[in-house]
Amino acid sequence: MMQSLNNSNLLSLSIWLPIVFGVLILAVGRDSRPGFTRVLALVGALASLAVTIPLITNFDNAHHGMQFVESSPWIERFNIFYTLGVDGLSLWFVPLTAFISVIVVISAWQVIETRIAQYMGSFLLLSGLMIGVFCALDGLLFYFFFEATLIPMFIIIGVFGGPNRVYAAFKFFLYTFFGSLLTLIAIIYLYNKAGGSFDILAWHNLPLTMKEQVLIFLAFLMAFAVKVPMWPVHTWLPDAHVEAPTGGSVVLAAIMLKLGAYGFLRFSLPIAPDASHYLAGFMITLSLIAVIYIGLVALVQKDMKKLVAYSSIAHMGFVTLGFFIFNEIGMQGGIVQMISHGFISGAMFLCIGVLYDRVHSREIAAYGGVVNRMPKFAAFVVLFSMANCGLPATSGFVGEFMVIMGAVQFNFWIGLLAATALILGAAYSLWMVKRVIFGKVANHHVDELTDINKREFFMFALLAIGVMVMGLYPAPFTDTMQVSVSDLLQHVSISKLPQ
């Protein structure tokens, strides 16, 4: 069974099924038939999630190489192949992306009333393209998927966003697109260096000089740092989050930020290992600035969406910190943090969306005493906020604790500085909860609120289960990635400089 599934087309189905449904919805969906369009979107999202489940159940944790590999010629003249595969570093992001797409479709069920087909279709297209990024093993195929994700997200922000949506959409597009241009140059250079091959795994063993490695590392850094986003190229993210519709913010935080972090694992570290060690201090410094400084910035925000957006930047600082301390527990912690952040950040933005749909304000000052009118909703908000600040028994604790442990092994003072994020996270998360959820009913808008309906309860319950299960029993996640992380660290520890 394992062998037959490894020779199947599960990864292609995971990529192209949501894309086909997205195109179908754009072709036949009409605002005059909203029910049909919504059901078609949900069927597409659920079918996409269903085909990713066998990837988890049939993954061999003891095998460090690529699994479920597919390869066929794409552009034979230039030796470009349609090659897909996943290992312990990338596996969990495929079902996570499909799961978040289901959540987004459910969240928009009654909220989006016009251009429903364009909204749902854009998200399904985006889902397939993002899965393609995590599966691509050909350099040009990776770049194609990586850049193509910009188009549906640009539409989602620019068409369905807030008053300044056009500005935010263009800022998002220009930052991420220009950041990727140097990456394309690096990909072409590696293609020539490898004798005309775009095979990413072959690039991992190229004998590159230190100068070549540093330049390639910096070229990839331009794209991946913007996407994460790392300080100081993070300024596009708060604008994009504030203007994006709720579903756009969910996907942006839960999945799109992970594309950049994943790029470090698949490109920067294995292709330029000597440069990675050489520039580790620089990367650790940028990560700590994101963790501490951006955490302080989150403390002074008056807009709930901006607060959660800045908290996302701080949490992603943990991810890059975990990658560049070069020990197993730190790198595993970084990957676990990526997965956990997908659940928590998505849930936080959905909570804000629920309030915005009812009151049409994101300002913290516009609320107060919400628990008196929405007790079920308040319980979910408290849970997700606690997870956001790293409460033990939630998924937010596992990744951050592992990274801090790895950082202490690497250098005690770096570990101590990283640990301050737990204090800052608790400060801005609980401050927001106190102001918005607890206390007396602040105004008539809050007094008129109604608690979440069955659809919203189901949506939050799914995310809460993910947060709690991962927090109480993270073994399935860490066991899957352990062999691949060990293999990557062993690879990075061996110099690739020409002898």
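Visitor: What should I know before I start?

Guide: The model is predicted: local features need pLDDT of at least 70, side-chain atom pairs count only at pLDDT 80 or more, and totals for chains, interfaces and linings use all residues. Residues are numbered from 1 along each chain as its sequence is written, and side-chain values use heavy atoms, with hydrogens and water left out.

Visitor: Is Val51 buried or exposed?

Guide: Start with the cut-offs. Buried means under 20% relative accessible area, exposed over 50%, and partly exposed in between (1.4 Å probe, protein chains only). Val51 has 16%, so Val51 is buried.

Visitor: Where does Val51 lie?

Guide: Helices (H or I, at least four residues) and strands (E, at least two) are DSSP runs, numbered from the N terminus. Val51 sits in the loop between helix 3 (34–50) and helix 4 (53–57).

Visitor: Which residues is Val51 in contact with?

Guide: Contact means heavy atoms within 4.5 Å. Setting aside neighbours within four places in sequence, Val51 contacts Leu10, Leu13, Ser14 and Leu17.

Visitor: How many bridges pair strand 1 with strand 2?

Guide: Two strands pair if DSSP finds at least two bridges between them. Strand 1 (residues 67–75) and strand 2 (residues 80–86) have six, in the antiparallel sense. Ser71 has Thr83 of strand 2 as its bridge partner. Four residues separate the strands in this hairpin, and Asn79 takes a positive phi near 60°.

Visitor: How do I read helix 20?

Guide: Check its span first. The expected span is 1.5 Å times one less than the number of residues. Helix 20 (residues 412–436) has 25 residues and reaches 37 Å from first C-alpha to last, close to the 36 Å expected. Now look at what is buried. An α-helix has 3.6 residues a turn, so residues three or four places apart point the same way. The buried residues of helix 20 include Ala418, Ala421, Leu424 and Tyr428. Its buried residues pack against helix 15 (280–299), helix 16 (304–323), helix 17 (328–359), helix 18 (375–388) and helix 19 (395–410).

Visitor: How many disulfides are there?

Guide: A disulfide is a pair of cysteine sulfur atoms within 2.5 Å. A search of the whole structure finds zero.
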